[in-house]
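Thanks for coming. I will take a few minutes to walk through one structure, so please have the sequence and the model open.

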Amino acid sequence: MIVRPLQPGDVGAVRALWRDTVVLGRPLPFALPDLDRYGRLSLDWYLGPGATDAAVLERSGRVQGYALVCTDEQGWRRWTATTGVSFALGTAVRLLTGRYERPASRFHRLRLTDGWDGLLRTTGLPAAHAHVNLAPAGRRVGAGMRLARHVDERCAAHGIDRWWAEINARRGRRERAIERLGGTVVDRRPNRTLSWLAGEPIIRLIVVRDPTRIQPTATAIGASSLDA
């Protein structure tokens, strides 16, 4: 099991892993129109302008995880403002004109609401963030920690001492583990989309990680999904 820098040939595997884990480690349970379009919104900045900071976790020659890192918050926010508005307007038009049938229409309505709420909640945070994700087969002890340490190293290379991430969790789960890993939960909000899909309350945690606070016994980190 190794963590290595992202290579151009890994992009397809990263996109496939995103699709396969988009709902708390599982794929969507229905065909979704515009899933590829939503995937580009979620991934393209990190696989384009941010690609030099990204890494994959490889086991037996297969990509089983990734860390997508942003060390240019201003550039990411400019890109998100343009691309996100375009996505939201296009989706809203499709919703208003009835081009989506259920359950796709409900998914897109909830995602627009969650996306807007998430954008408002990510101001005033450290100058870097990351999406860390693992395939179910790759969720071994230490795998997520290796990816988190890659994020630490890339941030340090840019003179950034802390970074933030969004983690989706069932109510009451994972917060103690997050603290052992040097993380501090700074915001908690319902994830409407995942709560609907999971049939139970799912909380979107905004976590700030300070590598200097990691407890010596910490060995793993949870993965996040559907957190664009």
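Is L24 buried or exposed? L24 is buried, with a relative accessible area of 17%. The cut-off for buried is under 20%, so L24 falls within that class. Keep in mind throughout that this is a predicted model.

Let me stay with L24 for a moment. L24 sits in the loop between α1 and α2. Its phi is near 50°, a positive value, and L24 is not a glycine. As background, most residues other than glycine have a negative phi. At 23% relative accessibility, D34 counts as partly exposed.

Now the overall layout. The protein chain has seven helices and seven strands. Read from the N terminus, the order is β-α-α-β-β-α-α-β-α-β-α-β-α-β. The protein chain has 228 residues, and buried residues make up 50% of them. Take the contacts in the chain with a separation of 6 or more: residues 24 or more positions apart account for 78% of those.

Next, the helices on either side of that loop. Helix α1 covers residues 11–20 and helix α2 covers residues 35–47. They pack at an angle of about 130°, and their axes are 11 Å apart. The two helices are therefore oblique to each other. The crossing of α1 past α2 is right-handed. On the α1 side, the contact is made by V11, V14, R15, W18 and R19. On the α2 side, the residues include L35, Y38, L43 and L47. Sorted by class, the residues of this contact are seven nonpolar, two polar and five charged.

Helix α2 has another partner, α3. What is the angle at which α2 and α3 pack? The angle is about 175°, with the axes 10 Å apart. That makes α2 roughly antiparallel to α3. From α2, the residues that meet α3 include R37, L41, W45 and Y46. Among those they meet in α3 are W76, W79, F87 and R94. The class count for this contact is seven nonpolar, six polar and four charged residues. Y38, R40 and D44 of α2 are among the residues in the contact with α1, and Y38, R40 and D44 are also among those that meet α3.

On to the strands, with β3 as the reference point. Strand β3 spans residues 62–70 and is mostly covered, since eight of its nine residues are buried.

Which strands does β3 join? One is β2, residues 55–59, which runs antiparallel to β3 and is joined to it by five bridges. In that pair, E58 stands opposite V63 of β3. The hairpin of β2 and β3 has two residues between the strands, and S60 in this hairpin takes a positive phi near 55°. The other is β4, residues 129–134, also antiparallel to β3, with six bridges. There, V69 stands opposite A130 of β4.

One last item is a peptide bond. Most peptide bonds are trans. The bond from R102 to P103 is cis, with omega near 5°. P103 is placed in the loop between α3, residues 73–96, and α4, residues 104–121.

That is what I have; I am happy to take comments.

Technical notes: Residues are numbered from 1 along each chain as its sequence is written. This is a predicted model: local features need pLDDT of at least 70, side-chain atom pairs count only at pLDDT 80 or more; totals for chains, interfaces and linings use all residues. Side-chain values use heavy atoms; hydrogens and water are left out. Axes are lines fitted to C-alpha atoms, for helices over the stretch in contact, and angles run from 0 to 180 degrees between N-to-C directions. Helices (H or I, at least four residues) and strands (E, at least two) are DSSP runs, numbered from the N terminus. Angles under 35 degrees count as roughly parallel, over 145 as roughly antiparallel, 65 to 115 as roughly perpendicular and the rest as oblique. A crossing is left-handed if the near helix is turned anticlockwise from the far one by less than a right angle, and right-handed if clockwise. Contact means heavy atoms within 4.5 Å. Ala, Val, Leu, Ile, Met, Phe, Trp, Tyr, Cys and Pro count as nonpolar, Asp, Glu, Lys and Arg as charged, and the others, Gly among them, as polar. Buried means under 20% relative accessible area, exposed over 50%, partly exposed in between (1.4 Å probe, protein chains only). Two strands pair if DSSP finds at least two bridges between them.
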